[in-house]
Amino acid sequence: MFKYISKNEIDTNKFAKAISKYIDNGTLISLNGEMGAGKTTFTKMFADALNIQNYVTSPTFSLVNSYNGDKELNHLDLYRIEDESEVESIDIDTYYYPDGITLVEWAERASSYLPKYYIEIKINKVGDTQREFVIEGKNKLENKLIERLEKDENIKY
Ligand SMILES: Nc1ncnc2c1ncn2[C@@H]1O[C@H](COP(=O)(O)OP(=O)(O)O)[C@@H](O)[C@H]1O
Ligand SMILES: [Mg+2]
């Protein structure tokens, strides 16, 4: 398991930058956490790290926004769906088995569409500006990421 305590948005930015270095094309990341935890904020910082200039905001109504930077990034937000089959209104497979990278908020609302292996990042709100990021290490993808994060000097504290 890997835990990162973010004291403020600057720390979250460092963490998003670190993660972006270690995620290969073809990977889906599920961002889990309550409303206001920082899923969208993390995604914006991740997009910045990939040099994406035209990041908008969370795709609440369209379900997905796609961007091209150093890598292709798909950002899904499934908060508003009521039935999981609603994700079929978009070409869900191209986003869930991406050429680039996919970040998903509220992926649990359409959990049967998730690929077998993906990375889950849990975000817990600890205080006003404090957040705890947790990666459990339940598969090879997560464990490989954890190994690299543990060696990253930029997120040592
Ligand atoms: N350390 C931190 N990391 C990320 N966001 C933070 C932090 N401290 C405060 N915030 C604030 O928390 C809010 C997170 O909102 P948002 O990213 O929209 O959450 P979510 O997408 O999970 O609902 C933002 O207003 C952001 O400025
Ligand atoms: Mg959000």
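View 1. The model is a predicted one, in which local features need pLDDT of at least 70 and side-chain atom pairs count only at pLDDT 80 or more, whereas totals for chains, interfaces and linings use all residues. Residues are numbered from 1 along each chain as its sequence is written, and chains are lettered from A and ligands numbered from 1 in the order in which they are written. Leaving aside neighbours within four places in sequence, Lys122 is in contact with Asn32, Gly33 and Val134, where contact requires C-beta atoms, placed from the backbone, within 7 Å. Arg148 is 26 residues from Lys122 in sequence, and the two C-alpha atoms are 18 Å apart in space.

**View 2. Strand β6 between β2 and β7.** Helices (H or I, at least four residues) and strands (E, at least two) are DSSP runs numbered from the N terminus, and two strands pair if DSSP finds at least two bridges between them. Strands β2 and β6 run parallel and are joined by 4 bridges, with Glu120 in β6 as the bridge partner of Ser30. Strands β6 and β7 are also joined by 4 bridges, but run antiparallel; here Lys125 has Arg131 in β7 as its bridge partner, and a hairpin through 5 residues joins β6 to β7.

**View 3. The covered strand β5 (residues 101-105).** In β5, 5 of 5 residues are buried: Ile101, Leu103 and Glu105 point one way, while Thr102 and Val104 point the other way. Strand β2 pairs with β5 in the parallel sense over 5 bridges, and Ser30 stands opposite Val104. Strand β4 (residues 72-77) likewise runs parallel to β5 and is joined to it by 5 bridges, with Asp77 opposite Glu105.

**View 4. Buried and exposed residues of helix α4 (residues 140-150).** Leu141, Glu142 and Leu145 are buried in α4. Seen down the axis of α4, the buried residues fall within an arc of 90 degrees, so they line one face of the helix; the arc is that of the directions from the helix axis to the C-beta atoms. On the other side of α4, Lys140, Glu147 and Glu150 are exposed. The cover over the buried residues of α4 includes α1, β2 (27-32), β6 (119-125) and β7 (131-135).

**View 5. The shell around ligand 1.** Of the 16 residues around ligand 1, those that come nearest are Thr12, Gly38, Lys39, Thr40 and Thr41, a residue being near a molecule if its C-beta atom, placed from the backbone, lies within 6 Å of it. The elements that give two or more residues to this shell are α1 (9-22) and α2 (39-49). The shell divides into 2 nonpolar, 9 polar and 5 charged residues, with Ala, Val, Leu, Ile, Met, Phe, Trp, Tyr, Cys and Pro taken as nonpolar, Asp, Glu, Lys and Arg as charged, and the others, Gly among them, as polar.

Definitions and conventions
A residue is buried if 20 or more other C-beta atoms lie within 10 Å of its own, exposed if 12 or fewer, and partly exposed in between; C-beta atoms are placed from the backbone. Two residues are in contact if their C-beta atoms, placed from the backbone, lie within 7 Å.
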